Amino acid sequence: MTDEHAPAVLDIYRHGIATGDATFETEPPTWARFTATRLPEHRWVAVDHTAADRVLGWVACTPVSDRCVYAGVVEHSVYVHPDARGRGVGRLLLHRLIDSTEQAGIWTIQSGVFPENTASLALHHACGFRTIGVRERLGRHHDRWRDVILIERRSPTIT
């Protein structure tokens, strides 16, 4: 993922926000904020080279803490353009993230998913993530309390 992908990445994020079930965010950040908060070595786009290099989806992660004991734990997001859903793009992106994080010695990838986002939960479980628990009424979103399912993938190779 590079600066040239910025418009497409933020547009895909905007589509995800519009569903109401992808994030607590209500607007995508600026590109400067986006890139400042995501780890540059662990952000990827899926590009359709047969369609003018159209970005189909993206995955990126952030450290969960700046404390050294959490150096091997990241929180991630994965978003797929509505026109590309159901084509394996999310799976491809998650596998790429898993590969890059394991090569860097990261042992845990985690995220929070709204229970209503069943497609995301199914994708993550298919890619080796497990449900840790439910954080009930974690935050208010569009004037209602939302639960968040905490998921994680622990690397079987990083010990």
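Analyst: What follows covers the model itself, then a helix, then a pocket. This is a predicted model, in which local features need pLDDT of at least 70, side-chain atom pairs count only at pLDDT 80 or more, and totals for chains, interfaces and linings use all residues. Residues are numbered from 1 along each chain as its sequence is written, and side-chain values use heavy atoms, with hydrogens and water left out.

User: Which residues of α1 are buried?

Analyst: Taking buried as under 20% relative accessible area and exposed as over 50%, with a 1.4 Å probe and protein chains only, the buried residues of α1 are Ala6, Val9, Leu10, Ile12, Tyr13, Gly16 and Ile17. They sit on the same side of α1, because they cover an arc of only 155 degrees around the axis, the arc being that of the directions from the helix axis to the C-beta atoms.

User: And which exposed residues are on the face turned away?

Analyst: That face of α1 carries Pro7 and Ala18.

User: Switching topic, what is the volume of the largest pocket?

Analyst: The volume is about 1200 Å³. A pocket here is an open set of points on a 1 Å grid over the protein atoms alone, where a 1.4 Å probe fits, with protein on both sides within 12 Å along at least five of seven lines; lining residues have an atom within 4 Å of a point.

User: How many residues line the pocket, and which lie nearest its centre?

Analyst: The largest pocket is lined by 46 residues, and Ala22, Ser77, Val78, Tyr79 and Gly112 lie nearest its centre. Strand β3 (residues 73-80) gives the most to this lining, with 6 residues.

User: What does UniProt list for residues 1-152?

Analyst: An unreviewed UniProt entry lists them as "domain: N-acetyltransferase", and this span is 30% helix and 33% strand, where helices (H or I, at least four residues) and strands (E, at least two) are DSSP runs numbered from the N terminus.

Technical notes:
Points joined across faces, edges and corners; volume = space filled by probe spheres on them. UniProt positions renumbered as here; feature names shortened; annotations may be inferred.
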